[in-house]
Each structure stands twice: as structure tokens, then as C-alpha cells.
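These are my notebook entries on a structure I was asked to look through. I wrote down what I looked up, one topic at a time.

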Amino acid sequence: MQANKFRIIGLVLVAGLLAFTWLRIGLSKSTEIRQPIRFNHKKHVQGGLECSGCHQTVKDQATAGRPETSLCMTCHEASVTKNPEENLIREYAQRHEEIPWQRVIKLPDHVFFSHRRHVSTEKLDCTSCHEAIGQSSEPPSRPIKFSMDSCLACHQKMKASVDCVACHK
Amino acid sequence: MPKWGMVIDLDKCTGCQACVVACKTENNIPFSTPEQAEMGRTISWIEIIPIMEGEYPRPKLRYLPRPCLQCDHPPCIKVCPVYATYRNPEGLVGQVYSRCIGCRYCTAACPYTAKYFNWSAPTWAKEFEPCLNPDVSKRPKGVVEKCTFCHHRLQKAKEKVKAEGRELKDEDYVPACVQTCPAGAMYFGDLDNPNSKVTQQTKSPRAFRLLEELGTEPKVIYLTEGEWHGAYRK
Amino acid sequence: MQRRNFIKLVGGTTAGLALTSCATRQTLPVKDPLSEWRAGAEQWIPSTCLQCPGGCGIQARIVDGNVIKLEGNPLHPINNGRLCQVGQAGLQVLYHPDRLRGPMIQTGKKGSGQWQRLSWTEAIKTVGGRLREMRSRNASHSMMLWDGYGSGLMSALFQRFAEVYGSPNYCSYASGDGMAPAYYAEQGLANPVGYDLENANYILSFGCDLLGQWRSPVWAQRVYGYLRQERPGPKAKLVQVEPRLSLTASRADEWIPVHPGAQGALALAIAYVLIREDLYAADYVSQHTFGFDDWTDAAGRRHMGFKSLILKEYRPDDVAGITGVPVDTIIRIAKEFAQHRPALAIGGPGATMFSNGTYTAMAIHALNALVGGIGAPGGYFSQREFPFKPFSPANRDAIAQKGCSMPRLGDDESHPLISQGRPDLSEALLTETPYPAEVLFLYYANPLFSTLQPEKLTKAFEKIPLVVSFSPFMDESAQHADIILPDHTYLERWQDVPAAPTSGAIVLGMAQPVIKPLYDTLHTGDALMLIGREIGGSVKEAFPWQDFKSLLVESVQGVFEAKRGSVFTESFEAENVRQLAKRGWWIPTHSSFDDFWNDLLKKGGWWEPQDSFDEWGKTFQTPSGKFEFYSQLLAAKLAGLTPTVGAGAPGRRIDAMKPLPAEMGGGADSDKMVLPHYEAPKSSVAKDGSTFYLNVFRPEVLVGGGAAIPPWLQEIIGPHVFMKWDSWVEINPATAQKLEINDGDWIWVESSKGRFRVRAKPYPGTMPNVINVPYGLGHTMPGEWANQRGVNPLLIMEGKSDPISGMAAPGLTPVRIYKA
């Protein structure tokens, strides 16, 4: 009787543990971001590049823009570093492919956000929202999330519009 | 602050429905299936309402394009339990999908039947997805939606004039329906600006508003020489 | 359509939850925003709409390489930034799931649906090889090109192909309003004319759905808005004469219901009142018309004039019975028409789609001459030609010359004005007169859907060894083809788009790709050149261009060098160009052709305003150099002569009139055969209980009539009767009540040829003896949205035709209706 009871508890525990691990692996797999190239923001910033040097539409369009392979090639045509990752750029260029950069900032579909509005007209610094990305030497492995609270806090402080439809599309 | 309004000249409108399709393409409005259409579930933020009067051989058929009338006293917002629909400072009646709980009180309250409920998740063929407008969200199942006067265009227009360092003018912001109207029967602009085209038009003796007696104060003003005119005095 | 796999889209672990969708249609997958990167770069690319012949300028909004929205081009003189419902729905043509993905070959028998993909190289080889082999045995004449687009350089290219290959069988089936025979017979013009609607005070439209689908609906609607509320002075009156309350009729000041096929009689009764009461423009008639009064020819024979005929036969009292229009209405309309000049009489398919079409068109157009409107403000313009650089002359070998000298397929001599008509070729192709067709090319033509005799034409297709379709969609005709060489859609290709004639100005829109081709399709111009090269020899040499784009660039050089007109400009500059043109001035604006070309693409096109009216030599290219009530051109054609248009010096008459054969109305009455007159439209004997005439109309959302009907248009197809996604039949409400038919009841409509089941819609805009059914639905083609939606009323209509122009005349079919 007693032994059976333990056996059942043991089974339940093992099953639970298995399920938990499986779920963990599954979940982390679905949210983990692997960039095609281990891009080092810090190096580029230290090298004197402006954010808008690569994110070229940041000042005049809603989205900041992803650098096209050709843009990377303007500097990386020939070897600049000894990092083997750098070769990958030239491999993409040779295949005439765009580098499939993964998005790390996740805004819900019902939110409208314009970089132009914040960067060009309101002169906000990129770090106001993107904090330390410029200082990171590894690409983030998980999506960066924004909460409505952080938007609102700033909007209230700056006396910007807090009208719902100003941001919700 | 401007007060955005629309004038629709029924004497010029031909009922061609260009506004209807322009709206659907601009605002990611899913098309119905024949079965849904049969149940009256077609979503059409601006709809052409036919009005048939008289009998053969002298019938009179008119068309009345009906967007959301963006009332100044909207009956729909008073019944919303969750502040998903509200009147914003510029007089637009906003609809926030992420707040909407789908109770449909507002669809029942709107005397103009301008609100639509998503009875099912929006359906598109995979091939159609690339042409969805990134400025407008795809509404999920179970929320109410309606015409926004192409509010996203206002956001973009504001951004543009700010970047160019000038004031917003009427022609900077035009909803898709007004822009496409072949007969030029629709006008759009600031009702608070005495010099705007729309304000001028509302002074016409042909001006009237739909169901004026309800006191909803719509910001869509119609013009006609027919017997409905004369109801609007401002 | 296939069921999509959701697993990928929502991530492996939650797959089980998501698999709860319907079978035929997918829920829009909740896309993982991480996998979806929109770089967001946004631009606007100008191009031109090709959804109908109107030729409106468009701008496409491109975000991250996808076409998001189409708007009107504000600089375009036709649409001025506006766009219609069909133009707006263009995105659903481009991205339509049923588009063909590449060239295909039928491996089974025709219509079996056993398709196999093949490469373009193989496809061109197969078609070119067959054509080469035909030339080797002197059978080149049996190739036929069926061009349903019928204008601009693509048509010129098709014609060149036919010429150098050696076939007389190039047929242009561009949509028309059925008035072409009248323009030819009375004015000697081979091309359609323009109308000065903006300056008209009275518009009398006979069955022309002006606002819905005539030439350029956007232009017509713009003018309508202008005439209604913007033009200073008295408002123009619009009167619509047709059996059904169409979109135009509902917006007109007055709708005059008239028996189907009797519009010509009404026009002649109006002429009667004008003549009888001396209300016509007597000076104009005496100076610029021929055959109004009785006259004597060089041989001393007396001929009847228009006036005698009218006064003898078309008293309003007599015509009232034919038309169903009360006498006092006829007299009132006639007086208004005469007294509110400039007045315009316009004809359309609603009046001319009957077996008496040519004479109806002539009668309507004669009213314009009576009020002096042809070649005058508020009236008619003759249209100029586009100054394209002509193709370099082609070297035609002996085979080509011999082939071209053969008679055309189906071109028997029974239809004197066949070149102005669009004959139904089903009979000729089936009976192989005068010889069998071996290869048939279909370009934007879907005759198996639009013919009145689909069973005949289907059989005829089976007899043709190689049918090639260029359709981007699997329409009915493509299904019965052997090879499909799908064209790009208009948003993916280069093309010149000459706008349909409107207010005299000639307008050349440029269509350029706003997106890279989505699939393995090919510009038909390129395909044609490749086929030509595959054939080899002199045919190969006739296509020196690299592709259609280089042909386009070369041809447009002529426009630059012509030193006329202007690239589209802002409206104030356009007015300037107009004023200068009026005085015969022209100011160069571009230093080089490259400069001109780039500006042309940026602005969307080129145009030349037209303000001069009294160029009589251009306006009347008849033997008399005048408007001919008594059509000498028709007389000569009837007598078996081949007059050349415009050859006659003013005042010269064709005197070689032979008596006409008796069956053509010869004998004493033969003068009447060349004068506008009324003939009862042909109709089969009514079956017992057939008390209605079936009237077909095209709903305005189906204008242009492409094979793929965008779902956005399907769901707004009949707003006046609350119909979506389906056909319906309009019945007069009183009649419906008598028959105990209620709104929405399913009823059968039956003719001697067959029957179909549709829903009944009592509609006060219906005559008591007529029922109306929309045309354009009822496709039988694969795909979710068009297949078997609604009915095709042509399937039960009589296959009649106009004996003069040979034009198919679906007009008058007696039917009975009963509850299903």
C-alpha cells in the first residue's frame, strides 16, 4: 500500500519534472533570438558611428530601418577585424542576400509608434528608450519588451498627448 | 485645437462606392464570405445606404454614404463600460481595440449603425497579407470597430508638418474616402476654422445632419436640394 | 485553396491549441512579430490603372517592397487624383491567390484541367515551333490574334506580328459603346470621338451608363460633380433613356423608361419635332450636312433626304406605341433638347446592343447634327492620333505577303460595316469558313464567357489545334486553351495607356512596374517578341527590340520629338499649356529625351489639350466632307465597293451606287437603307407564357470585366437591392405582386435556350414587361471567389447579331419567370 503510494507520488513528480523541463525548453526556444551575426553594438558606437548611420530611416520614417547588406559592405568590403563573424557579412553579400536580422523590440499590432516623431521633431535621444543597447557587446538573446506604463510616464512628464488613439491604431 | 468634420454633397454623389473600397483597402477591413454577408456581418466602415422613393415610372433612388458621423455627443460612448470608445480632444470618437470587451452595447446605441462587431477572426488569403496597411491594426475576433476618419493619417500628417515646421492645413489630412471620391462629393477639414472649405459648405442652405432631433451633433454634414435640407443651422 | 500549417507560425509547443480552424479559409495567422520585419521604407510610385479603358493615373504606396494602397495621380488630367471602386480594388488583382504562377501546358484534352508547368523557354519553343512549321507549308494565314485590349503599342505590336508572320486575322475586340458604326457612316471616322460634356447644357443619354462605366467613369463623374454644383450659371440637365434605372439614370434629372431596342425610334421622333417645329440649327444643317433634303445624283436619280423620311414615318403619335414613351414626353424632351444648346445626344450599349444597333446609333448621332453640336463647343470633338514614332518598316517575305492577302476569318460580305463592329466569330471558327484556324492567341479576351454561343465556341476551340492564352488568370477561355503564357498584372509591367477619348484632349498614361513580378510571369510583349525570334527569318528581323520596354522608349521618342503637348503638370501650368496651344504655341520644357522620359515616369504621362473645334476636314472625313445623314460610305459598302475613309474631297459624291440586293432592302426603298431609320429589333418567337424581355446590364463594380473579381467588389455588387456575392433579377414591384413573388424569393428565368435560378428583387426602376439581370457573374473557373457565384445570363440569350456591323446583339430575348 505504502510502497504503491510512494511509487505514485514518485511517478507524478517525475512526470511533472519532465513536463516542466519540456515546457522550459519549448518556451525558451520560442522566444530566444539568435541573430545571424553576433553584432557588437558597442564596437560600432566606440568606433564613432551614429545610431542613424545604420538605422537610416530613424529620422524620417516610422521605423528606424534595418541596414541593408550593401550598407555593411561599405566598411566591411575588406577585413576590418579578425573576428570570424565578419566573414559572414561578405558571404551574404556574395549571395546577394539581405542579412536576416531578427527583431528584438516587440510592439503589439495595435500600437503605432513613429521614430521620426520622437527623434526628429521631439529630439529625443535614442537611449531614452533603448537604454544600454549601444553599450552591449552581444546581441540580446531575448526580446526587449516595452510596457505602456513606461510610455505613459514619459508622455505625462513631457506633457505629450495621452489620448488613447494617439498611439493605438 | 481643430475640430475635424466632413461634408458630403448628396447632389454630387453618384453612389459609385469608390469610398467604400478605398476605406477597405486603407483600413485592413476583411471581406466577408457569402455566408457571413447573408447574416448581415459584412464590415464596411463607410457604407452606401440606398434610399428608394416613389414608384415606377417615377422612382427616385438616392445614395447616402455613411461613415462614422463622429458625433459631438456620441450615444455610443455613454454605454461603454470600459472606456474603449470615447471622444478625444479633437472631437474624434476613438475606438481602442485592446480595451474593448465585445459587449456590443455601443453597436446597439449608435443610431446610425456605424459600429461593427467582429464575429470571427479576420480572414485573408495568405497572398493578400503583404498589402495590409502597417499603419492600421488587424482587429481580433470579438471587438467592435468603426470608421476613425483615417486617424492614422492625422498622426502622420501632424508628424510631417512638425518636421517641416509649419501649421497643419486642411489638405495635409484627408481620409481615404474623401481623397478618392470621383465626383468630388466629399470634403474634409476643420469645422472650427471659418475659412475652411467644410465650414463654408455647412453654411449652405442645402446643409443638414442625419437624425438632427436626437441631439447627437454629428460632425458629418450632408448637403442636398431634396426635402431633407434645412435641418442644420449653426 | 489549401489548409495552412499553423504549427510553424505559432511555435511548436502551442500547435495543438491553434489547429481549430475552418477547412477552406484560414484565420489570419497571429504572426510572430519577431519573424516579421518591415524595414518601413515608404515610397509612392506613379503608374496608370488598366482595370478599364478609362486610363486613370495612379500612385502606388509601397512599404517595404509591398504595394499597400493605390490612389489617383493628382496630376493626371483624366482623374485628377481621384480613383473609382474598381481602381481601388487593384491590389486584390495583384495579390489574388488564383493568379497563375507560370506558363502551363494542357496535357489532357482541352478543358480537362490537366495542366503541367513548363519553363518559358519550353513554352516559347513549343508555340514558335508550331508557327514556324505552319509557315513552311504556307498556312500562316490560319493564325488568329484576338486582342481584347485593342489600343496603344501592344495592339500595334500584335498587328505587326500578324503582318510579318503573314496572317490577315488580327481582331481587335476592345470594348466599345456600339456607336462606332455611326461615327464611320455619318462622319467617316474610324476612331471614337470625344464629347465636350463640361460645356453642355443638356445631355440626352440613350442607354449610355455615363457615370457607371462609359469610357472613363472617373472623368464622367468628375464632370457630373462639376455640372451639378460647381459650374457657374444654369445647371446642365441630364436625361437618361433606357429600360432600366441604372446608376446614371438614378442620378439623372429624368429617367425615361423605353422599350428595349426602341431607342432609335425615340431619337427619330425627337428629330421629327425638331424638324417639324423648325427647332433645328438650320444654318449648321445647310452648311455642314449632306442628305438632309431630297437630292438628285449625277445620274439624275432622285434620292430621299432625312427630312422627308422623318416627316413621313416618325410622328410622335406613331412612335409612342413603339417606345412606350408618351407623346407629350417626346415633344417636351425634344423641345428642351433644342432649346438648351449646347445639347448632346450620347448613345451607349443599352441602346445599341440590338440587331438594329447601327441604325439606332445613326439616329442618335443625327440629333447632334440637327442641333449643330458636332465640331462645336458643348458637342463633339474628333480625336487626334498619338505622335508615337512609327515602327521601322518590316521586311515581309513572300509567305507573309501571300498569307496577308487571304480573306479574313469570318469576314463574309453580309456585314458591310464589319470593321466597325465586333462580330461573334463562333460560327466562322466552327464551320471553318473560309478556312480552319490552326492557332488562336487570346489577349485579355475571354470569349467563352462573353459569347452568346458558348457551346459553339467551345466546339470551335476543340477544332483549333493550338489555343494560346496570355491571361494571368484561369478564366473560361484559358481553361480551354492548350498553353497559357500568363502576363504580368498591370502593376508589374510597362505599358503605354492611351486614355479612352473623353473631352478631346489626348492623354497618354505610362504604366510602370510598381513591384517586381510576384510570379514566373512574362510581359506579353516580351513573349510575342520571343516567339517571333523563335520563328526566325524575316519574322525574327521584325522584332529588333530587346524587350517591350525598349520598344516603348523608342516609340515615346516620337512624342518628345513631336514638340506638342506637355508632360502632366500642376493644374495652373496645365492651363498655361492650354492657353498657349490655343494660340498655336508650344514651349520646350525638356532639354533631352532622357530628361523627358524621366519626367514622364515621375509625373505619370503626357497629354495634349484640344480646344479648336472647326477643323471640318478632320471632323468630317466623308465623301462630301460633311456630316452625312445620307451615308455615302454605307451606300458604297452596301453596294460592295470599298471606299477609303477620308479620300473624298469636299463636295465629291460617290455616284456609283448600284441598286441594293433585295434582301438588304434594295429596290425603291433603298435610300432608307443608308439613312438613320428604325427597324424592329430581331427576336425569336416568344414561347408560350414568355411575357418578359430579359435585359442584361453590367453592374458598375464590374466595369472592365476582368476575370478575377476582387472579393471587395463582390460584397458591394448590388447596393440598391442589398445584394452581395450573388446575381439577382430585378422585377417591377407591381408585376412581382401580381405574380406573388416576394423580395428574395428564388425564381427561374427561362428562355427557349435554357434557364437559371436567381433571387428576385422587386425594383421600381424596372419596366413592367422587362426583367433585369446583371452580367459579369457566374464564372466557371477555379478559385474561391468567382466560381459559381451568381449566373451568366448570356447562356440563355438568343444569338442574334446586327446585320450591318455584325455585332453580337444580346438585346432582346423573351423569357418567362416562375417560382423555384
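**Entry 1: chain B**

I began with burial in chain B, where 64% of the 234 residues count as buried. The model I am reading is a predicted one. I then looked up the secondary structure and found seven helices and ten strands in chain B. Last, I looked at contacts in chain B between residues at least 6 apart in sequence, and 61% of them join residues at least 24 apart.

**Entry 2: chain C as a whole**

Chain C has 820 residues, and 62% of them are buried. I put its accessible surface at about 29,100 Å², with 52% belonging to carbon and sulfur atoms. Of the contacts in chain C with a separation of 6 or more, 73% are between residues 24 or more positions apart.

**Entry 3: the nonpolar cores**

Which residues have the most contacts inside the largest nonpolar core? I found Leu131(C), Phe206(C), Phe306(C) and Leu367(C), in a core of 258 residues. Helix α11 of chain C, residues 263–276, gives the largest share of this core, with eleven residues. I also noted a second, separate core of 23 residues, which includes Val758(C), Val773(C), Tyr775(C) and Val791(C). My general note here is that nonpolar side chains tend to be buried together in soluble globular proteins.

I then took Leu131(C) and listed what it touches, leaving out residues up to four places away in sequence. The list has Met143(C), Phe161(C), Tyr165(C), Val439(C), Phe441(C), Ile531(C) and Ile535(C).

**Entry 4: a parallel sheet in chain C**

I traced an open sheet of four strands in chain C, in the order β11-β10-β9-β15, and the pairing is parallel. Which strands are at the edges? They are β11 (254–256) and β15 (343–347) of chain C, and each pairs on one side only. From one strand to the next, the twist averages 15°.

I followed the pairing of β9(C), residues 202–206, with β15(C), and it runs in the parallel sense over five bridges. Tyr202(C) stands opposite Ala343(C) in β15(C). Across β9 and β15 of chain C lies helix α17, residues 357–370, running at about 165° to β15(C).

**Entry 5: strand β20 of chain C**

I looked at both faces of β20(C), residues 495–498, and found both covered. Gln495(C) and Val497(C) are buried on one side, and Asp496(C) and Pro498(C) are buried on the other. As a general point, side chains in a regular strand alternate between the two faces of the sheet. β20(C) pairs with β21(C), residues 506–511, in the antiparallel sense over four bridges. In this pairing Val497(C) is opposite Gly509(C).

**Entry 6: helix α7 of chain C**

How many of the eight residues of α7(C) are buried? I counted seven in this helix, residues 180–187. They are Pro181(C), Ala182(C), Tyr183(C), Tyr184(C), Ala185(C), Glu186(C) and Gln187(C). I looked for what covers them, and the cover includes β8 (194–195), α17, β16 (380–381), α28 (616–619), β24 (627–628) and α29 (632–638) of chain C. After α7(C) comes Gly188(C), with a positive phi near 75°.

**Entry 7: two loop residues**

Is Asn73(C) buried or exposed? Its relative accessible area is 4%, so I wrote it down as buried. Asn73(C) sits in the loop between β3 (66–72) and α3 (85–88) of chain C. Leaving aside neighbours within four places in sequence, its contacts include Gly57(C), Gln59(C), Asn79(C), Phe568(C) and Lys603(C).

Ser137(A) is in the loop between α7 (127–130) and β2 (144–145) of chain A. I recorded Ser137(A) as partly exposed, because its relative accessible area is 40%. Outside the four places on either side in sequence, Ser137(A) touches Phe39(A), Asn40(A) and Lys42(A). Ser137(A) and Arg38(A) are 99 residues apart in sequence, and their C-alpha atoms are 8.7 Å apart in space.

Technical notes: Residues numbered from 1 in each chain as written. Chains lettered and ligands numbered in written order. Predicted model: local features only at pLDDT ≥ 70, side-chain atom pairs only at ≥ 80, totals over all residues. Heavy atoms only, no water. Core = buried A, V, L, I, M, F, W, Y, C linked by side-chain atoms within 4.5 Å. Buried < 20%, exposed > 50% of the residue type's maximum accessible area, 1.4 Å probe, protein only. Contact = heavy atoms within 4.5 Å. Pairing = 2+ DSSP bridges. Axes fitted to C-alpha atoms, helices over the stretch in contact; angles between N-to-C directions. Areas by Shrake-Rupley, 256 points an atom, 1.4 Å probe, with all protein chains shown as cover.
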